[in-house]
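Have the sequence and the 3D view ready.

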Amino acid sequence: MGKIFLGVALCLLEGYLLGSLNFSIIVSRVFKGEDIRNFGSKNAGMTNILRTYGKKYAFMCGAGDFCKGLLAVLLGRLIFLLLGLAVFDAGYPAGIAAMLGHLFPLYFGFKGGKGVLTGLGVMVTLSPVTFICVLAVAFPLLYFTRIVSLASITGAILYPFFTVIVHKLQGRPSLLDGLFATVCGAIVLYMHRANIRRLLNGTEYRFGQKKE
């Protein structure tokens with residue numbers, strides 16, 4: 001039992017420390033000498049980087065935030081492997097911790113982004129098929145509406161359902177994965193609560209829309 005607690009603690013620690021590497025803040029400080037949280041929507045995420053600095057910097061930010069979620073899961077699994085643990089997928093605690101690190105980064109005053117790209121990095125590592133299913137809905141929605149938050153919110157809602165369906169079809173247990181996906185989806189929805197209000201009011205920003 002002690003080894004399990006140690007493994008989980010190490011997964012939570014490495015996931016949170018990796019997640020705290022908020023690349024929108026890093027990119028804005030390194031390349032612009034500014035803090036992206038002082039501009040645009042004030043959010044430390046790729047969409048705000050895109051609107052404020054352009055595609056090149058948005059790509060750098062997006063790649064970093066996505067890869068840290070992926071890496072957190074892989075390192076968590078490595079920790080469990082080295083400790084000889086196989087009780088459950090170490091990607092669960094490591095992935096949740098990475099998302100929380102992105103939201104509340106240790107290195108940047110606990111004020112981060114909304115966790116979508118980091119969550120996608122976690123998702124693709126845990127279940128590539130579920131990842132593809134979510135993107136198959138979110139991408140067309142983004143393309144036709146040009147509302148990034150709507151695609152993110154829809155993906156967060158569908159993630160638990162797709163997770164359970166995919167696992168059932170694969171003949172795999174779905175309880176832990178379904179609970180994990182529900183927690184991740186709930187985190188994303190909570191962080192998008194202001195966007196949800198704007199969507200309901202019809203005032204949410206559309207990609208490419210001119211600033212007033």
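## A space inside

About 40 Å³ of space lies in the largest cavity. Here a cavity is a set of points, on a 1 Å grid over the protein atoms alone, where a 1.4 Å probe fits but cannot get out. Grid points are joined across faces, edges and corners, and the volume is the space filled by probe spheres set on the points. Rolling a probe the size of a water molecule over the atoms shows where empty space is left. The structure holds 1 cavity of 30 Å³ or more.

Before going on, a word on what you're looking at: this is a predicted model, in which local features need pLDDT of at least 70 and side-chain atom pairs count only at pLDDT 80 or more, while totals for chains, interfaces and linings use all residues. Residues are numbered from 1 along each chain as its sequence is written, and side-chain values use heavy atoms, with hydrogens and water left out.

Which residues line the largest cavity? They are Y92, L126, S127, Y159, T163, H167, D177 and F180, where lining means having an atom within 4 Å of a point. Helix α8 (148–169) gives the largest share, 3 residues, and α8 and α9 (175–191) each supply at least two. Sorted by class, the lining has 4 nonpolar, 3 polar and 1 charged residues. For that sorting, Ala, Val, Leu, Ile, Met, Phe, Trp, Tyr, Cys and Pro count as nonpolar, Asp, Glu, Lys and Arg as charged, and the others, Gly among them, as polar.

## An open pocket

Now for a pocket, which is an open set of points with protein on both sides within 12 Å along at least five of seven lines. The second largest pocket has a volume of about 270 Å³. It is lined by 17 residues, and the closest to its centre are K42, N43, G112, K114 and M191. Helix α10 (residues 193–201) contributes the largest share of this lining, 4 residues. By class, the pocket lining has 6 nonpolar, 5 polar and 6 charged residues.

## The whole chain

How many helices and strands does the protein chain have? The count comes to 10 helices and 0 strands, where helices (H or I, at least four residues) and strands (E, at least two) are DSSP runs, numbered from the N terminus. The radius of gyration, taken over C-alpha atoms, is 17 Å, close to the 17 Å that the globule rule gives for 212 residues, so the chain is as compact as a globular protein of that length. That rule is 2.2 Å times the number of residues to the power 0.38. Along its principal axes, the C-alpha trace spans about 55 × 40 × 25 Å.

Buried residues (under 20% relative accessible area; exposed is over 50%, partly exposed in between, with a 1.4 Å probe and protein chains only) make up 46% of the chain. T182, in helix α9, is partly exposed at 42%.

A disulfide is a covalent bond between the sulfur atoms of two cysteines. The cut-off used here is a pair of cysteine sulfur atoms within 2.5 Å, and the whole structure has 0 disulfides.

As for accessibility, C11 is buried at 0%, whereas C133 is partly exposed at 25%.
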